[in-house]
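Hi,

Here's the structure I said I'd pass on.

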Amino acid sequence: MGQNDLTKKRMMFIKSEDYNFLTYNIFIILNGLDCVEGKSSLRDHRKISFLIDFISNGKLIDIIEKQLRNPMSKINEVDRELLSQSFTDSLLRIRTINQLVFTLTNEGFLTIKDKKLDKLTICLNKQSVQKEFLKGEIFKIERNNINRLKSIVQRISILDITTMLTNLYYTNGIPDEQLIS
């Protein structure tokens, strides 16, 4: 399967509605951040909703990198709109991610390490996921993107959600609406 075929395959997903798309991204995020059973965990599962856009769209990471290299420059309107759309889509996706996390936990794919109100600390039960799935060629772009993102936003798995959102959105011109705390 060529690179063009992989791109077409990805475009068939409707991110906010496709549980397969969301599930494989959850697995890739948790594995890429090394949040796996017996190692570490992702504090606050709601961060996944925002990380999905970044690992599935490298342009968002490019925007963050560009601003980090030149923090005094003003972000252009196209980039600000792309970040804004990502933020809005991610907010709308949180409920679906909540449902999916509980479903994947019941199926044995995820483990909930800690429950605090609506903030779950989770990890991937790597033994339940085929090794080929996590290492396969089809998700190479997403794996590369999560590696890029974690090199930009240090300790992303343990940051609180407000700090993560500040690093990804608020410092880049997206208004801090205090919708998440």
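**What's in the fold**

The protein chain has eight helices and three strands. Keep in mind that this is a predicted model. Reading from the N terminus, the elements go α-α-β-α-α-α-β-β-α-α-α. The protein chain has 181 residues, and 45% of them count as buried. If you take the contacts with a separation of 6 or more, 68% are between residues 24 or more positions apart.

**The sheet**

The three strands make an open sheet, ordered β1-β3-β2, with antiparallel pairing. β1 (42–43) and β2 (110–116) are the edge strands, and each has a single partner strand, so one side of each has no neighbour in the sheet. Helix α2 (residues 19–32) packs on this sheet and touches β1, β2 and β3. The direction of α2 makes about 80° with that of β3.

As for the pairing itself, β2 and β3 (residues 119–124) are joined in the antiparallel sense over six bridges.

**Two helix pairs**

Two packed helices are described by the angle between their axes and the distance between the axes, and I've done that for two pairs here.

First up, α3 with α7. Helix α3 (residues 47–56) packs against helix α7 (residues 140–152) at an angle of about 115°, and their axes are 8 Å apart. With that angle, α3 is roughly perpendicular to α7. The crossing of these two is right-handed. On the α3 side you'll find L51, F54 and I55, which meet I141, E142, N145, I146 and L149 in α7. Sorted by class, that contact has six nonpolar residues, one polar and one charged.

Then there's α4 with α5. Helix α4 (residues 58–69) and helix α5 (residues 77–106) pack at about 120°, and here the axes are 10 Å apart. α4 and α5 are therefore oblique to each other. Which hand does the crossing of α4 and α5 have? That crossing is left-handed. K59, L60, I63, I64 and K66 of α4 make the contact with D79, L82, L83 and S86 of α5. By class, the residues of this contact split into five nonpolar, one polar and three charged.

Cheers

Conventions. Residues are numbered from 1 along each chain as its sequence is written. This is a predicted model: local features need pLDDT of at least 70, side-chain atom pairs count only at pLDDT 80 or more; totals for chains, interfaces and linings use all residues. Side-chain values use heavy atoms; hydrogens and water are left out. Two strands pair if DSSP finds at least two bridges between them. Helices (H or I, at least four residues) and strands (E, at least two) are DSSP runs, numbered from the N terminus. Contact means heavy atoms within 4.5 Å. Axes are lines fitted to C-alpha atoms, for helices over the stretch in contact, and angles run from 0 to 180 degrees between N-to-C directions. Angles under 35 degrees count as roughly parallel, over 145 as roughly antiparallel, 65 to 115 as roughly perpendicular and the rest as oblique. A crossing is left-handed if the near helix is turned anticlockwise from the far one by less than a right angle, and right-handed if clockwise. Ala, Val, Leu, Ile, Met, Phe, Trp, Tyr, Cys and Pro count as nonpolar, Asp, Glu, Lys and Arg as charged, and the others, Gly among them, as polar. Buried means under 20% relative accessible area, exposed over 50%, partly exposed in between (1.4 Å probe, protein chains only).
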